[in-house]
Amino acid sequence: MQVQVAIAILYRENKFLMQLRDNKPNLLYPGHWAFFGGHMEPGETPEEAVQREIFEEIGYTLPPTFSKFGCYSDEIALRHVFHAPLLVELDRLVLNEGWDMGLVAPEYVQQGSCYSAVAGEIRPFGAVHRRILLDFMREPMLIANT
């Protein structure tokens, strides 16, 4: 059964904030770089879900300017994708979920992997998350605001 999730592309200084998912085999994309966000609760709108998930996972309140980028659907999930600037320094965030987090430069998105100091190695991007970011980077008006 397909679940609904709300995820966010957060950007700062032409880089993207990514979460290194826990390296647990029962997770989708274990040990892969992915977006922050998660499952929608019953009765919750995608906008409410993304705000709640981002606050729960990193203690960040999305700015009022956050907006929808699109929807991505596959056999596993319907992903509601939002985007917003990250208006605080990384040291102001608290990682409450995941193995690591970091600001990732576009060239690492292009190559499909990025180093994690916590993991001590290069880790891949989750396939769907990489595809979404590549689509986002092709939008000149959106990428100009990162």
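Modeller: Keep in mind that this is a predicted model. The largest nonpolar core has 21 residues, and those that touch the most other members are I9, F16, M18, V109 and I132. Two or more residues each are given to this core by strand 1 (3-12), strand 2 (15-20) and helix 3 (127-137), with helix 3 providing the largest share, six residues.

Colleague: Which residues is M18 in contact with, leaving aside its neighbours within four places in sequence?

Modeller: With those neighbours set aside, M18 contacts W33, A34, F35, F36, D100, M101, G102, V104, F125 and L133. Another core, of 18 residues, lies apart from the largest one, and includes A6, I58, Y60 and L86.

Colleague: How many aromatic pairs does a search of the whole structure find, and why is the pair of F16 and F136 edge-to-face?

Modeller: The search finds four aromatic pairs. Planes over 60 degrees apart count as edge-to-face; the ring planes of F16 and F136 stand at 85°, with centres 6.1 Å apart, so this pair is edge-to-face. The pair links distant parts of the chain, since F16 belongs to strand 2 and F136 to helix 3, 120 residues apart.

Colleague: Are F16 and F136 buried or exposed?

Modeller: Buried means under 20% relative accessible area, so F16, at 1%, is buried, and F136, at 0%, likewise counts as buried. F136 also forms an edge-to-face pair with F69, at 5.2 Å centre to centre and 75° between the planes, and this pair links helix 3 to F69 in strand 5 (residues 67-73), 67 residues apart. Taken as a group, Y11, F16, F69 and F136 make up one aromatic cluster.

Note on methods. Residues numbered from 1 in each chain as written. Predicted model: local features only at pLDDT ≥ 70, side-chain atom pairs only at ≥ 80, totals over all residues. Heavy atoms only, no water. Core = buried A, V, L, I, M, F, W, Y, C linked by side-chain atoms within 4.5 Å. Buried < 20%, exposed > 50% of the residue type's maximum accessible area, 1.4 Å probe, protein only. Helix = DSSP H or I, 4+ residues; strand = E, 2+ residues; numbered from the N terminus. Contact = heavy atoms within 4.5 Å. Phe/Tyr/Trp six-rings, centres within 6.5 Å; stacked < 30°, edge-to-face > 60°.
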